[in-house]
Structures are given as structure tokens and as C-alpha cells.
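My notebook for this one is open. I went through the structure a piece at a time and jotted down what I looked up.

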Amino acid sequence: TVAGMMKNADAFEILLRAQLPSLSPERLRALVATKYRCVVAMQRYDQMTREELEDVEVLLSDFPSLQLVYIEASPDGGATLGDGRAGGSMIGTQVGGSISGGLRYFTCLIDGACAVDERTGRRAPRFRVEMPGHPILGDGKADNQNGAIPFTRGTILQMIDANQEGYLEEALKVCCALKEFEVGERVFGTRPAVIGFREHIFSGLGSLGEFAASSELVFGTLVQRTMAYPLYSRYHYGHPDLLSKAAMLAQGGVSKATRGLNLSEDVFTGMDAVLRGQTVVHREYFQVGKGRDMGFLSILNFFVKLSKGTARMTTTRQAHRLGVRLSLTRHLGFYYAHAGYYVGQLHWYHSTYGVLALCFLGAVTQGTGLLPTAANSAAVMANLIYGPLFALFLASSLLPLAVVYLVERGVLTALLQPLRLLSSGSPLFFMFQSRAIGHSLSDEFAFGGAAYLATGRGLGITRTPFHQTYSTFAITAIYPGAELLAFLL
């Protein structure tokens, strides 16, 4: 990920060399350093092992301009800075409540020029800014991002996750992307605070990886494009997005960090921006790479996290304020793209019970002579629902993917790829996914307990023991399936 993001600096150097060929190499590198800064939010640096520290040193040697930010807990704040000055209150001031369990917390910056402590193997920080208290309020990611903001420069931010990649040919387009904040489209008369971009999913390995990659492809292109215009209901979902730093600072950071409540922390960036009168747009000429989950359990755990995060999001003040202030069309777009999708998965499961219950009642009423033709009518209804209507539903589910492939890869791929996914068992997989989404949403509304699930995003090459698979899917899929089978019998 770091190597990919540092390609932005290479792209700026190529562009400057073409525009200003008379510049000396030293002046060229100095000018690039003023235009682009890559800051790695490495929260655990202060607790890393020797092996991990050696890996960090490799990064710093490969990329001399790279800067790292981490959180430091100190009993008295008396550490020494990288330039030899004493730490503590010289940089940052103690704020009420900054003593937490006798510790003071600092966000620190290091780079390849900082001195290395031979005893610990760690570099002394160049800058230290005291935090107003324990900085880890949520699940870590949002706090990690917000802790690095004080050391960023410039007016535009791009937050990148560790499962993403950058490409040199895409980095050459960054100048065009930055111009969107100045001369780009104005929505409702205001410049955008968030400019969204698509992602290139490079983890389509195996059938499960292809299922996840295909759904992410549709969401990152067709869905987000439609949400941005004409629905004007796009917020913030992926980290290729470029953010206005001034807008983010005004709303308290790039992510909300309350544990549980802000489990889906990214979306609040766009929600807060819209509530403050800012706008969000979407463009597709620029992209970064992204690796998605490729294992059965890891993919479903990812959607479990999204479902629980959406359930908690619906209880926030941002969702309430958007609900009472948006116009009808934007409100419908907000519902469809967020809670509505997950509620729909739950109701689809409930409707299955409804159809079978009607068939059962039809059989009972005809058998008792109460309604002589009820069973026949119920059978006609079931045949219609699970015949032509089900085929229409399946075709409509594949249509967005076919349209995206038609635009990007041609007619042949648009015709063959959806059929190949069907033959690989994608309907069965997405049934499991739908049940996981519906059950997690309902469970969160009923009992709470939303928490971050570390899926790992590794290769799906390990076998899961039967007892673990059974316990994972018993409540969500196996028991409901047995109930439906009993209905049929």
C-alpha cells in the first residue's frame, strides 16, 4: 500500500520534469515534497516488536520522504524529540482531563532523519502533540486517521486503507482530480467537500473472490454514480475519495470514533458534510486498487459488520437530522442506499414464510371444505412467484452487473460473465449473504452489541472445521431452512 501511494510522488516528479525541464534534481525533489506528503498512521509503533521495527526501517529506507505517525503514552511526557529538544509541554499543552490513569498521550511524527534509540530500536519523534485524553475512543481506525491529521499539509486529504494499492498511470491524473475542488461541478451552488472515485478490485481469485469483486464493481461504479446524480444521496464509502481538509476539520475529523455507534465510521464523513451544506460528487476517471475478502466466512463477516454498523447508524443524530431535513427524493435515495437495502434483505426472508403460510392455509381451508378451491389458488400463486417472477427477479439482479460489463468490457463479457457466475453457484452464495445481512440487522436492533470484526482479507485456502461452520450458520441459515422445509412437508 505504501509503495502504491508513493507512486503519486513519482507521478508529480514526471509531470514537473515535463513542465519545468530546466529544474535541477534537488530543486525538483524539493518542489515535489511541497506538493505531496505521504503520512502512515502507524498507531502501534510504540509497542512494536524488534521484527516489526525492522520492517518499518525498510520502509523508511525505501521511501526517504515517508513520515510515520503513532500514539505514545508517557507518564510525564518528558521524552526527547528527534532534533534533541526536550519533549513534554514544549509542543502541545496539557488540557483538562489529559491525565488518564497517570498517563499523558501524544500523537508523534517520525521520519527517516530522526535519531534511532539503540536500546529500543525506535526512532525519537520529531514532533509531539499532546492529546486531550486517551485517544482510542472507537475501534481504532477512525482514531488512527484523526491522530495523523495534525501532521498533514495542504488543503486536500486522501485516506487510504492498508488493503489498497496505487498505480502510476492513475497517479498521473491526480492533478485533474485536485482541480475538481476549484473548477469542478457545483451542486446546489457549492463546491464539493468529498469527491468520490471508483476502486479497481484485484482480488477476484476463485469463485468466492469473483462474487465479492463483481458486487463491489457494481457498487463502486453504477450504484455510486446513480447515488451522486440524480439522487444526490452519495456519502463516503471508499478511501479513494478526496476530502477537503478544511471541511473535515470543521466537522471534527474525517471519521466518527464512538465505539459501536460509529462502527461504519466512513459514512459519517459524507453525512456530516451534507448536514453542513457541503456536497458530495462522484467521478470515475481516477481509481486505486483494492483487495476484498476471498473466503466464505470472511466475506460474510464483512457483511455482518456492515449490517450491524447500519443498524447503529440509523440510531444516530446524523441519520435523524437527514431524515427530517432532506427533500423527499433525496430522502428516498438515502434510505435505499443505506438502511433500505439491509431491511429489504430481512423482508425478503420474511416474505418466504408468508408465501408458504398462504399455501398451508389454502390446503387447510380446502381440506376442511371451508373454501373448496383455496388450495388450487394458493398453488397458482406459488407457481407464479417461484416461476416467472423468480426468474425475473434473478435476471434483474444480474442486470446491473451485465450493464457495467457492457460499458467497460464489451458485449461478449456482458453476456458470458453473469452466466459463468450463475453456473458457479452465485445464487446459493448470495442467499447465505442475504440471510447473514438480515439476521445481523435484526439481531442488532433487538440486542445490540455491534463490534468490529477483523476479517483479515486473506486467501481462502484454509479449511474450516465442521463444528465451527455449523455453529456459525445454525441460527442464521440452518434452523430457518429446517423450518421452511417443515412448512413444505
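**Entry 1: the sheet.** I began with an open sheet of 5 strands, which runs in the order S5-S8-S7-S9-S6 with mixed pairing. I note that this is a predicted model, where local features need pLDDT of at least 70, side-chain atom pairs count only at pLDDT 80 or more, and totals for chains, interfaces and linings use all residues. Residues are numbered from 1 along each chain as its sequence is written, and side-chain values use heavy atoms, with hydrogens and water left out. For strands and helices I go by DSSP runs numbered from the N terminus (helices are H or I with at least four residues, strands are E with at least two). Two strands pair if DSSP finds at least two bridges between them.

**Entry 2: strand S7.** I looked at S7 (residues 192-201) next and found 9 of its 10 residues buried. My cut-offs are under 20% relative accessible area for buried, over 50% for exposed and partly exposed in between, with a 1.4 Å probe and protein chains only. S7 runs parallel to S9, joined by 8 bridges; Arg-198 has Gln-287 in S9 as its bridge partner. With S8, S7 pairs in the antiparallel sense over 2 bridges, and there Val-194 stands opposite Leu-243.

**Entry 3: the loop between H7 and S8.** I checked the backbone here and found a cis peptide bond from Tyr-229 to Pro-230, with omega near 15°. Pro-230 is in the loop between helix H7 (206-228) and strand S8 (242-244). Tyr-232 is in that loop too. Tyr-232 has a positive phi of about 55°, although it is not a glycine. I count Tyr-232 as partly exposed, because its relative accessibility is 25%.

**Entry 4: salt bridges.** How many salt bridges does a search of the whole structure find? It finds 19, where one means a side-chain nitrogen of Lys or Arg within 4 Å of a carboxyl oxygen of Asp or Glu.

- Glu-284 with Arg-225: the closest N and O atoms are 2.7 Å apart. Glu-284 is in strand S9 and Arg-225 in helix H7, so the pair ties together parts 59 residues apart in sequence. Both ends count as partly exposed, Glu-284 at 25% relative accessibility and Arg-225 at 39%.
- Arg-234 with Asp-241: here the closest N and O atoms are 3.2 Å apart. Arg-234 is buried at 2% relative accessibility, and Asp-241 is buried at 1%.
- Arg-312 with Glu-444: the closest N and O atoms are 3.4 Å apart. Arg-312 lies in helix H10 (residues 296-313) and Glu-444 in helix H16, so this pair ties together parts 132 residues apart in sequence. Arg-312 is partly exposed at 24%, whereas Glu-444 is buried at 4%.

I also noted a network in which salt bridges that share partners join Glu-199, Glu-216, Lys-290 and Arg-292.

**Entry 5: helix H11.** Which residues of H11 (residues 317-325) are buried? I got Gln-318, Ala-319 and Leu-322. Seen down the axis of H11, the buried residues fall within an arc of 100°, so they line one face of the helix. The arc is that of the directions from the helix axis to the C-beta atoms. On the other side of H11, Arg-317, His-320, Val-324 and Arg-325 are exposed.

**Entry 6: the second largest pocket.** I took a pocket to be an open set of points on a 1 Å grid over the protein atoms alone, where a 1.4 Å probe fits, with protein on both sides within 12 Å along at least five of seven lines; lining residues have an atom within 4 Å of a point. The second largest pocket holds about 670 Å³ of space, the volume being the space filled by probe spheres set on the points. Its lining has 23 residues, with Trp-348, Thr-352, Tyr-386, Met-431 and Leu-484 nearest the centre. Helices H13 (339-367), H14 (374-409), H16 (426-447) and H17 (466-488) are the elements that give two or more residues to this lining. H17 has the largest share, 8 residues. By class, I have 18 nonpolar, 4 polar and 1 charged residues in the lining. For those classes, Ala, Val, Leu, Ile, Met, Phe, Trp, Tyr, Cys and Pro count as nonpolar, Asp, Glu, Lys and Arg as charged, and the others, Gly among them, as polar.
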